[in-house]
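Colleague: I would like to learn how to read a model like this one. Please take me through it feature by feature.

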Amino acid sequence: VSNLDTIGYGQSTPVFLVQRSDGLTSRMGSRTAGESVYRSLGFNQIEDEGSQYLSEALQHNSTLTSINLNSNEINDKDCRYWSEALKLHNSTLVTLHLSDNLFRDEGSRYLSDALQHNSTLTTLDLSTNQIGAQGIRYLSEALQHNATLTELNLTYNGIHNDEHQEAIMARLEENRNEATMR
């Protein structure tokens, strides 16, 4: 059960409202020129339905640049929703925190697919999940097609050093170097 009761977005304005069961409503959009918009929705037990609604709202986002979804019981299935939002419709989100959730290699596969198509995300925090060697392999392969991601946190996933981790580190360094030359 999610703490999020309803979510909606304005058709004519880029404002996203999230109403929680505790009665609080927060805006997930609307900024002045040059201002970064960050929202922390950590520790809300968003789970399946909340992930679906929030990722759908993100598909209509034109202002949110950073979102923290840590500790929300997001699982492999939920990663599919986030993947669709990131690869098809995202043009502003640069930072996504998905630490301390419940997804494994399958969730990593969905997110890796999004990374191959996303050209705005620069920071992705996947720490403290249950990503294994196969998930690292998916991420490594995806980064061969991504030139924008410069920070990827994979700590506390029980992963041991292997060639895929080294390939990820090398690709992130290449992306950082290219970003400083732009």
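Colleague: What percentage of the residues of the protein chain count as buried?

Modeller: Keep in mind that this is a predicted model. Of the 182 residues in the protein chain, 48% count as buried. The cut-off for buried is a relative accessible area under 20%. The chain exposes about 9000 Å², and carbon and sulfur atoms supply 47% of that area.

Colleague: How many helices and strands does the protein chain have?

Modeller: There are five helices and eight strands. Along the sequence they follow the pattern β-β-β-β-α-β-α-β-α-β-α-β-α.

Colleague: Which share of the contacts joins residues 24 or more positions apart?

Modeller: Among contacts in the protein chain with a separation of 6 or more, 78% are between residues 24 or more positions apart.

Colleague: Which residues of H2 are buried, and what covers them?

Modeller: The buried residues are Asp 76, Asp 78, Cys 79, Tyr 81, Trp 82, Ser 83, Ala 85 and Leu 86. Their cover includes helix H1 (47-58), strand E6 (95-97) and helix H3 (105-117).

Colleague: H3 is on that list of cover. How are the axes of H2 and H3 placed?

Modeller: For a pair of helices, read the approach of the axes and then the crossing angle. The axes of H2 and H3 come within 8 Å and cross at roughly 5°. Angles under 35 degrees count as roughly parallel, so H2 and H3 are roughly parallel to each other. On the H2 side the contact involves Asp 76, Cys 79, Arg 80, Trp 82, Ser 83, Leu 86 and Lys 87. H3 contributes residues including Asp 105, Gly 107, Tyr 110, Leu 111, Ala 114 and His 117.

Colleague: What span should H3 have, given its 13 residues?

Modeller: At 1.5 Å a residue, H3 should span 18 Å, and its end C-alpha atoms are 19 Å apart, which agrees. Buried in H3 are Gly 107, Ser 108, Tyr 110, Leu 111, Ser 112, Ala 114 and Leu 115. The cover of these residues includes H2, strand E7 (123-125) and H4.

Colleague: At what angle do the axes of H3 and H4 cross?

Modeller: H4 runs over residues 133-143; its axis and that of H3 come within 8 Å and cross at roughly 0°. That makes H3 roughly parallel to H4. The contact is made by Asp 105, Ser 108, Arg 109, Ser 112, Leu 115 and Gln 116 of H3, with Ala 133, Gln 134, Gly 135, Tyr 138, Leu 139 and Ala 142 on the H4 side.

Colleague: Where are Ser 71 and Tyr 156, and is each buried or exposed?

Modeller: Ser 71 sits in the loop between strand E5 (64-68) and H2; its relative accessibility is 13%, so Ser 71 counts as buried. Tyr 156 is in the loop between strand E8 (151-153) and helix H5 (163-181), and with a relative accessible area of 70% Tyr 156 is exposed.

Colleague: Is Phe 43 buried or exposed, and which residues does it touch?

Modeller: Phe 43 lies in the loop between strand E4 (37-40) and H1. Its relative accessibility is 61%, so Phe 43 counts as exposed. Leaving aside residues up to four places away in sequence, Phe 43 touches Asn 70, Ser 71 and Asn 72.

Colleague: Last, with which side chain does the side chain of His 164 make a polar contact?

Modeller: The partner is the side chain of Arg 137, at 3.0 Å. His 164 belongs to helix H5 and, at 13% relative accessibility, counts as buried. Apart from residues up to four places away in sequence, His 164 touches Ile 136, Arg 137 and Ser 140.

How values were computed. Residues are numbered from 1 along each chain as its sequence is written. This is a predicted model: local features need pLDDT of at least 70, side-chain atom pairs count only at pLDDT 80 or more; totals for chains, interfaces and linings use all residues. Side-chain values use heavy atoms; hydrogens and water are left out. Helices (H or I, at least four residues) and strands (E, at least two) are DSSP runs, numbered from the N terminus. Buried means under 20% relative accessible area, exposed over 50%, partly exposed in between (1.4 Å probe, protein chains only). Contact means heavy atoms within 4.5 Å. Accessible areas come from the Shrake-Rupley method with a 1.4 Å probe; for residues, only the protein chains shown count as cover. Axes are lines fitted to C-alpha atoms, for helices over the stretch in contact, and angles run from 0 to 180 degrees between N-to-C directions. Angles under 35 degrees count as roughly parallel, over 145 as roughly antiparallel, 65 to 115 as roughly perpendicular and the rest as oblique. The expected span of a helix is 1.5 Å times one less than its number of residues. A polar contact is a pair of N or O atoms within 3.5 Å; within protein, one must be able to donate a hydrogen and the other to accept it, and residues adjacent in sequence count only if both atoms are side-chain atoms.
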